Amino acid sequence: MYEKEIVINGAPVKCWPLCASQKLHYFTMLFSPPQVLNIGTGLYVKDDVDFGVLKQAVYKAYERFDSMRLRFVKDPDNEQNVYQYVVPFEDRDIEFRDFSKWREEAAHEEMCRWTAVPFEPFGKPLNRVVLVKLPGGYNGLYLNVNHMTMDSSSIIGFDRCVLEFYCSMKYGTDAPAPMQSFIKQLEKDLAYDDNSPAKQKDEKFWMERISQSEPIFTGFTGPEYLMTTRRELNDPELRSAMMPYADPSAAISVYNLEKEPSMRLIKFCELYNVPMASLLAMGLRTVLSKFNGDEKDVSIINCIARRGTISEKYSGGSRIHFFPLRTILDPELTFIEGIRAIQAEQNKLYRHANYDPIAMRMAQDKQWNVPQGACYESISLTYQPLTLNQTKELPDIPYKSHWYTNGVASHALYLTVMHRPEDNGLGFNFEYKKALVSKEEMDYFYYYLCRVLFRGIEDETRTIGQILEMI
């Protein structure tokens, strides 16, 4: 119903349209440097790795993940449309690089340079795997993938699959469970997009939500972008703001919260039965409120993985959708009451997260006559709870992971919070456009984020207003 046969290399091939999350990434690529979709990661274990066995483990995982074998092709009948197809398993050569004599920092800088090299978008592989030997006894693999084919959940799943296959062949542990089919999940998404009752229900939710009232922009350094946009457009009541066009060159600032304070945040969430994602969102929106004159109405971009079902969780691919998380919190609310209000809002987003975020944004812009290029959110948030510590029956081998910048960014400021593999502590990864954000401003923002979080969890009955005064 959705597939189309396209002649590729002289033979007809079954192809499928892009789903909504892929279209979002594709449009991003059209208006940004193409490497903006590259995701570079490294997985390294402190062990005398048998690289011959590791190479076979990569091949086995590559065969399991059909989304790792995706290719894209333009529709010959309309080049504005892009289709995708899956190639059969192929044992492409896997490179090996020995950095054991390098400084580790220099080795990671080299892999950042790899990550900045864009993939050929049509008809070519959209990932690169390199077996790596690092200094200090750590060995493993570097992986670079195009975001249209994989997201962070998929990457962690692929790494876990490689590691479990390696340990199965090397130590006799169980092989990983079979994956779900990306194509079958894609067909479900395409059926949803075909004006299904579920889509109609979600559309009704978003249109009602959009029409209730207009949000207001809250900047991560204060209200200057909003004030500037109001002056430039001669509209003192304008509630959206334009971030100035900037060089997309990006940097990543990583702040590793020590194990003990990380455990305090984790235990707080367990004690009060609230998600870490809600606690983090509470921290972010409170900082934005503080920086914008104690504004009660705060919006951030909430990145939603859409991995609720078994088929979604284990199908690989790219399923991230970006939706605004808007909260209007009275300063008399307590810290824990604010978190529960955010949790309730997030649950609403999760229930309606299959809707096309581009369609939602276009409807919102039309509803409130938003100037072209303006927005209400200055920061995006992803919380990634998955770690390789969830891998079953693995030997007790120390390991570490690394995320590499591709050198450019489409968001002004994008925060990803992940657990460190070595101690489960929290790592705060801020990717930002260097033309818009300085390293000092990142340090300042992170400092205030931690102040909010720890002033809140040490006494959950403190009001939002009291915390704003304390920080």
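This talk walks through a predicted model, from its cores to its strands, salt bridges and surface.

Some ground rules. Residues are numbered from 1 along each chain as its sequence is written. Local features need pLDDT of at least 70, side-chain atom pairs count only at pLDDT 80 or more, and totals for chains, interfaces and linings use all residues, while side-chain values use heavy atoms, with hydrogens and water left out.

Start inside. In soluble globular proteins, nonpolar side chains tend to be buried together. Here, the largest nonpolar core has 71 residues. A nonpolar core is a set of buried Ala, Val, Leu, Ile, Met, Phe, Trp, Tyr and Cys residues joined through side-chain atoms within 4.5 Å. Buried means under 20% relative accessible area, exposed over 50%, and partly exposed in between, with a 1.4 Å probe and protein chains only. Which residues have the most contacts inside this core? They are L265, L279, F335, F428, F430 and F445. Helix 13, residues 439-457, gives the most to this core, with 10 residues. Helices (H or I, at least four residues) and strands (E, at least two) are DSSP runs, numbered from the N terminus. Apart from this core lies another, of 31 residues, among them I39, Y59, F165 and I397.

Now strand 17, residues 426-433. Seven of its eight residues are buried, so the strand is largely enclosed by the rest of the structure. What does strand 17 pair with? Strand 10, residues 250-256, pairs with it in the antiparallel sense over seven bridges. Strand 16, residues 413-419, also pairs with strand 17 in the antiparallel sense over seven bridges. Two strands pair if DSSP finds at least two bridges between them. F428 is the bridge partner of Y255. G427 is the bridge partner of M418. The hairpin of strands 16 and 17 has six residues between the strands, and there N424 takes a positive phi near 70 degrees.

E431 sits in strand 17 too. E431 and V254 are 177 residues apart in sequence, yet 8.6 Å apart in space, C-alpha to C-alpha. Contact means heavy atoms within 4.5 Å. Leaving aside neighbours within four places in sequence, the contacts of E431 include I252, T405 and Y414.

Next, charges. Side chains of opposite charge can pair when their charged atoms come close. The whole structure has 22 salt bridges. A salt bridge is a side-chain nitrogen of Lys or Arg within 4 Å of a carboxyl oxygen of Asp or Glu. Take D297 and R326, with closest N and O atoms 2.7 Å apart. This pair links distant parts of the chain: D297 is in strand 11 and R326 is in strand 12, 29 residues apart. Are these two buried or exposed? D297 is buried, at 6% relative accessible area. R326 is buried, at 17%.

Compare K348 and E345, with closest N and O atoms 3.2 Å apart. They are three residues apart in helix 11, so about one helical turn separates them. K348 is partly exposed at 30%, while E345 is buried at 17%.

Last, the surface. F27, L30 and F31 form a nonpolar patch, with about 360 Å² of accessible area together. Patches use residues with over 30% relative accessible area and no salt bridge, joining like charges within 9 Å and nonpolar side chains (Val, Leu, Ile, Met, Phe, Trp, Tyr) within 5 Å. Accessible areas come from the Shrake-Rupley method with a 1.4 Å probe; for residues, only the protein chains shown count as cover. F31 lies in the loop between helix 1 and strand 3. At 74% relative accessibility, F31 counts as exposed.
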